[in-house]
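Thanks for asking me to look over this structure with you.

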Amino acid sequence: MTQDELKKATALAALEFILPQIDKNTIIGIGTGSTANYFIDALAEHQDEFKACVASSTASTERLEKHGIEVLPLNTVSDIPFYIDGADEINPYFEMIKGGGAALTQEKIVAAVAKSFICIADESKWVDILGNFPLPVEVIPMARSYVARELLKMGANPVYRDSVVTDNGNQILDLHDFQITGARDVEQTINQITGVVCNGIFANRKADHLFLATKDGVKKIEQR
Ligand code: 5RP
């Protein structure tokens with residue numbers, strides 16, 4: 001199976017998981033990225049079975065609306081039973097690195113509101129220790145160089161993601177050579193740097209469920 005086939009398989013497994021648990025009043029939280037796109041496309045076949053979605057990016061909003069699915073502003077919604085999203089890395093504690101698509105801040109906000117975070121990932125994302133994937137940090141543009149110097153002091157190698165502007169009008173630094181142990185603390189420490197909007201460690205709000213697509217099928221993994 002190709003990686004795209006694995007991504008589609010995990011998205012379909014997550015959909016099968018939520019379908020019996022939703023009704024015409026349900027609002028579903030939607031992530032961003034190619035795996036989330038497979039979920040959106042499959043969800044479109046079930047438009048009559050839920051009320052609307054809340055999306056974590058302009059790209060996902062546009063894809064949902066193209067399918068005719070209503071997308072509500074998060075400020076009008078208080079109850080989101082499920083948030084479905086991919087990850088760049090996920091460890092056995094279901095802590096993740098996200099933000100490869102630069103949507104980390106809105107992803108973290110929608111995930112914070114959701115009761116349950118369902119991670120959909122192919123097996124290339126499964127790691128013991130987070131950090132091989134460069135950790136995205138969203139920064140206020142004028143603070144970029146200052147934040148980069150502070151991150152250097154933490155032992156990371158920050159690289160400016162050239163020409164990328166987030167949906168919030170900010171910039172991204174990707175932290176290379178930065179193995180993450182004690183993810184909850186590292187997440188909070190980076191957030192304390194003035195000028196940081198958000199970083200891509202999802203440890204204080206980690207996933208609740210993981211559907212991991214492998215060559216032997218999609219496995220619902222138990223959290224360590
Ligand atoms: C976007 C994300 C994505 O969930 C993450 O990058 C995984 O993407 P893909 O499903 O395309 O592999 O965090 O900001």
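**Notes on cysteines, charges and surface patches**

1. Let's begin with a cysteine. Cys-198 counts as buried because its relative accessibility is 5%, under the 20% limit for that label. Please keep in mind that this is a predicted model.

2. How many disulfides does the structure hold? The count is zero. Cys-198 is in no disulfide, and the nearest cysteine sulfur, that of Cys-119, is 16 Å away. For a disulfide, the two sulfur atoms would have to be within 2.5 Å.

3. With a relative accessible area of 0%, Cys-53 is buried.

4. Now to the charged side chains. A search of the whole structure finds ten salt bridges. One of them joins Lys-108 and Glu-187, with 2.7 Å from N to O. This pair links distant parts of the chain: Lys-108 sits in helix α4 (residues 104–113) and Glu-187 in helix α6 (residues 183–191), 79 residues apart. Both Lys-108 and Glu-187 are buried.

5. Glu-150 pairs with Lys-153, and their closest N and O atoms are 2.8 Å apart. Why are these two separated by about one helical turn? Because Glu-150 and Lys-153 are three residues apart in helix α5 (residues 144–153). Lys-153 is exposed, since its relative accessible area of 67% is over the 50% limit.

6. Is Glu-107 buried or exposed? Glu-107 is buried, and Lys-98 is buried too.

7. Next, check two backbone angles. Phe-94 has a phi near 70°, which is a positive value in a residue other than glycine. You can find Phe-94 in the loop between β4 (89–90) and β5 (96–97). At 1% relative accessibility, Phe-94 counts as buried.

8. Ala-102 also has a positive phi, near 70°, and is likewise a residue other than glycine. Where is Ala-102 found? Look in the loop between β5 and α4. Ala-102 is buried, with a relative accessible area of 12%.

9. Val-197 belongs to strand β10 (residues 196–199). Val-197 counts as partly exposed because its relative accessibility is 33%, a value between the 20% and 50% limits.

10. Finally, there is a patch of charge. Glu-62, Glu-65, Glu-70 and Asp-167 form a negative surface patch. Within this group, Glu-70 has its place in the loop between α3 (58–66) and β3 (80–85). Glu-70 counts as partly exposed, at 45% relative accessibility.

Definitions and conventions:
Residues are numbered from 1 along each chain as its sequence is written. This is a predicted model: local features need pLDDT of at least 70, side-chain atom pairs count only at pLDDT 80 or more; totals for chains, interfaces and linings use all residues. Side-chain values use heavy atoms; hydrogens and water are left out. Patches are made of residues with over 30% relative accessible area and no salt bridge: like charges are joined within 9 Å, nonpolar side chains (Val, Leu, Ile, Met, Phe, Trp, Tyr) within 5 Å. Accessible areas come from the Shrake-Rupley method with a 1.4 Å probe; for residues, only the protein chains shown count as cover. A salt bridge is a side-chain nitrogen of Lys or Arg within 4 Å of a carboxyl oxygen of Asp or Glu. Lys and Arg count as positive and Asp and Glu as negative; His and the chain ends are not counted. The place of a charge is taken as NZ of Lys, CZ of Arg, CG of Asp or CD of Glu. Helices (H or I, at least four residues) and strands (E, at least two) are DSSP runs, numbered from the N terminus. Buried means under 20% relative accessible area, exposed over 50%, partly exposed in between (1.4 Å probe, protein chains only).
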